[in-house]
Amino acid sequence: MEHNRARRDTRAKRKRKKRGRGFKVIMTIVLIFVITMAMLACMAAAYIKNVILPEADLKLDEYNPNLTSTMYYKNPDTGNYVEMQDLYAEENRVWVEIDEMPQDLLDAAVAIEDKRFYKHNGVDWIRTAKAVLCMFTGANVQGGSTLTQQLIKNITTEDDVTVKRKVMEIFRALEFEKNYSKEDILEWYLNYIYLGQRCNGVYTASYKYFGKHVSELSLAECASLIGITNNPSKYDPLGHLEIVDEETGEVTTSRDFNKQRQELILKSMLEQDYITKEEYDAAMAEELNFDNGKDTQANSAIYTWYEDAVIDQVLEDLMETYDWSEEYAKTKLFSGGLEIYTCMNPDVQAAVDEIYNNRENLNFTSASGQAIQSAITIIDNETGDVVALAGGVGEKTTSRGWNRAIDSLRPPGSSIKPLSVYAPAIELGYITPSSTYEDSPYKTENGKGWPVNATGRYQGTVSIAKAVRESINTVAVKVLDDVGTQTSYEFMRDRFHIQLVESRGVEDTNFTDIALAPLALGGLTDGVSTYQMAAAYSVFPRMGTYKEPRLYSVVLDSSTQEVVLDNTQEVDENTLSERTCFYMTGMLEDVVAAGTGKNANFVGQDVAGKTGTTTSRKDLWFVGYTPYYTAAVWTGYDQQERLASQLGNPSTTLWQKVMSKVHAGLPYKEFAQPDTSQMKAVTVCAVSGKLPGPACGGHLTTQYFFVDDVPTSTCTLHKIEAPKPSTGDGEATKPSEGEATEPEGGGEGGETTAPETPATDPTTPTE
């Protein structure tokens with residue numbers, strides 16, 4: 001008995017111990033869970049406080065959407081700003097105050113889109129919870145966004161489906177409703193929604209669909225209008241959508257879908273006591289007459305090329321600076337009462353317009369019927385401002401169309417060489433203008449030499465100065481090979497801010513600009529714009545400083561004079577040394593004085609620049625500068641075709657016509673010079689670039705060198721020839737067949753030339 005009792009007590013103790021251990025395990029798990037959740041809650045709170053809340057505040061800045069925005073330019077004579085152009089919204093939107101909207105319109109929007117709109121504080125937690133539940137269960141996700149959240153998505157760019165975006169949207173909505181009334185939110189929402197047929201907002205849509213002011217809409221028309229916004233492509237009553245039932249063959253049109261949506265909205269309004277049964281029945285029975293009425297497109301002005309460019313730049317900067325959606329940024333830009341202070345110089349722009357607005361200055365049509373086109377960008381060397389541009393030739397007939405000066409990326413041909421080849425080579429100490437290279441093929445494959453020069457011949461030993469002046473392709477390739485394609489690519493990207501293609505795969509082909517042909521000869525994958533080229537070349541007359549080009553200096557709020565965009569704080573970059581810029585300018589002056597760019601020259605100013613011609617003459621360039629301005633000109637066809645040889649290079653002549661007018665009346669000004677104490681004038685052989693030997697008398701030239709670059713070796717290319725034997729009649733004997741002779745007088749500039757080597761490449765060489 002005692003023994004059995006002891007056994008029972010022992011078993012009871014064991015059970016109690018087991019229960020105790022189980023309880024401890026459970027409590028440990030619970031404690032771990034609580035601690036984990038607390039840690040997660042703390043982390044979430046910290047994340048919300050440090051990441052979400054600082055970005056959650058979204059203000060409309062007391063914005064009056066009916067104010068006119070204006071662009072200004074500075075009068076160069078007085079220094080005062082002058083009105084340039086009022087801006088008119090290009091989109092089909094006219095703002096209407098909420099007091100002018102019928103109550104039925106407001107009620108219809110709330111009833112179908114956000115029935116607890118007047119009760120929540122920006123977030124409908126019931127709808128949000130249902131949306132989350134649907135997401136986890138795999139059911140169809142029902143929209144959880146309130147009208148406030150939808151408005152926020154309309155005026156920001158944050159519409160990606162992420163947890164952060166959803167959390168941000170919630171907190172923004174909560175903050176938004178602390179600052180704005182329900183009436184404010186409804187007014188903005190109804191002026192922002194897209195309603196098909198290019199209609200933004202209820203004002204324009206009312207005229208488009210019903211031919212009347214929004215205040216005159218009936219209940220039935222209000223419901224029909226609000227119904228469109230859910231899916232304009234489906235519910236647009238003027239649309240052409242037709243869905244055929246495969247079983248019955250019945251056709252349902254956009255107008256039918258709109259009617260179904262209208263009836264759903266009317267039913268919701270009845271259920272939520274916004275309308276009576278009598279009003280519901282009358283609206284259901286009302287026949288809708290879609291007027292297909294007038295557009296209220298506000299913009300009838302044709303902006304200039306420069307104004308187009310400013311609008312695009314300000315719009316882009318507003319979106320980037322404030323994280324606004326494009327629609328909201330457009331509204332702010334065109335109707336927000338902004339003062340935009342542009343960098344346009346009216347005198348320079350007038351010179352551009354005089355040439356580019358006159359089609360007779362470039363009047364040629366290709367065999368396929370395309371009219372030849374051109375673009376130009378001019379930059380002030382001192383400030384870096386874009387003072388003038390033109391995106392096409394002839395009368396401008398549209399606003400904010402394709403602006404060739406900025407939007408067109410075209411291969412630059414040899415105009416890239418000073419940027420990608422010669423400037424890096426001088427900067428890194430590989431060459432000076434007097435350095436020599438062999439003008440001969442870089443490589444030969446299948447009996448063909450590459451590259452081929454534009455002249456179709458090779459000249460043997462030539463100086464870098466001659467190679468630049470005559471745009472010799474072989475030398476450019478060989479110098480680039482010494483510099484390295486990767487180094488050249490980085491110079492273009494980091495110093496001249498021209499973005500090239502590092503690597504791009506298209507199907508089974510990989511494209512890259514990090515190669516000899518693209519960087520030395522300008523056959524780039526995408527190309528460059530005149531805007532980019534003018535900015536890059538302006539580094540040379542600025543003695544090595546890169547300034548980011550700008551079209552405007554500042555944008556102010558006209559009501560408060562607060563700064564909206566500040567474009568005056570850019571930092572100058574030391575891109576090249578004075579040594580490199582001095583040598584490059586000297587060589588590019590020779591291009592204009594006696595080389596491929598002679599047609600760009602004009603009297604009264606020093607001019608430097610470089611031509612460019614792409615394969616088969618599809619793109620022609622001239623990029624040049626004076627001490628005052630840098631300008632880049634491109635000529636070609638919008639759809640690439642060969643430009644007839646008889647045209648020459650119209651880019652050089654257009655450049656000359658514009659820039660001679662721009663500089664008319666400006667005093668002569670020298671290019672900036674480095675410290676003369678570092679310079680030395682030295683007479684050298686123009687062929688070898690070395691100190692002259694006894695036989696170099698006909699090939700001498702004087703050049704300025706930095707002291708460390710003065711040649712020290714003597715030319716051995718020229719030799720004193722022995723007197724030719726006499727035939728007895730006073731005449732020299734003729735050389736035997738096949739014997740080489742030195743051409744009389746040498747080549748261009750008095751330099752001797754090697755025997756011509758015929759081009760073997762059947763394609764037209766680039767220059």
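Visitor: How many aromatic pairs are there, and by what rule?

Guide: The count comes to 24 aromatic pairs. Rings of Phe, Tyr and Trp (its six-membered ring) pair if their centres lie within 6.5 Å; planes under 30 degrees apart are stacked, those over 60 are edge-to-face, and the rest are tilted. The model is predicted: local features need pLDDT of at least 70, side-chain atom pairs count only at pLDDT 80 or more, and totals for chains, interfaces and linings use all residues. Residues are numbered from 1 along each chain as its sequence is written, and side-chain values use heavy atoms, leaving out hydrogens and water.

Visitor: Why is the pair of Tyr442 and Trp450 called edge-to-face?

Guide: The centres are 6.2 Å apart and the planes stand at 80°. The distance is within 6.5 Å and the angle is over 60, so the pair is edge-to-face.

Visitor: Are Tyr442 and Trp450 buried, partly exposed or exposed, and how do you know?

Guide: Buried means under 20% relative accessible area, exposed means over 50%, and partly exposed is in between (1.4 Å probe, protein chains only). Tyr442 has 30%, so Tyr442 is partly exposed. Trp450 has 22% and is therefore partly exposed.

Visitor: What makes Phe582 and Phe706 an edge-to-face pair?

Guide: Their centres lie 6.1 Å apart, with 75° between the planes.

Visitor: Where in the chain do Phe582 and Phe706 sit?

Guide: Phe582 is in helix α21 (residues 578-594) and Phe706 in strand β22 (residues 700-706), so the pair links distant parts of the chain, 124 residues apart. Helices (H or I, at least four residues) and strands (E, at least two) are DSSP runs numbered from the N terminus. Phe582 has a relative accessible area of 17% and is therefore buried, and Phe706, at 8%, also counts as buried.

Visitor: How do you know that Lys234 lies over the face of Phe257?

Guide: A charge sits over a ring if NZ of Lys or CZ of Arg is within 6 Å of the ring centre and within 35 degrees of the ring normal. Lys234 is at 4.8 Å from the ring centre of Phe257. Lys396 lies over the face of Trp305, at 4.9 Å from the ring centre.

Visitor: Why is Ile472 called buried?

Guide: Ile472 has a relative accessible area of 3%, so Ile472 is buried. This residue is in the loop between α16 (464-469) and α17 (473-483). Ile472 touches residues including Lys417, Tyr422 and Asp439, where contact means heavy atoms within 4.5 Å.

Methods. Lists of a residue's contacts leave out its neighbours within four places in sequence.
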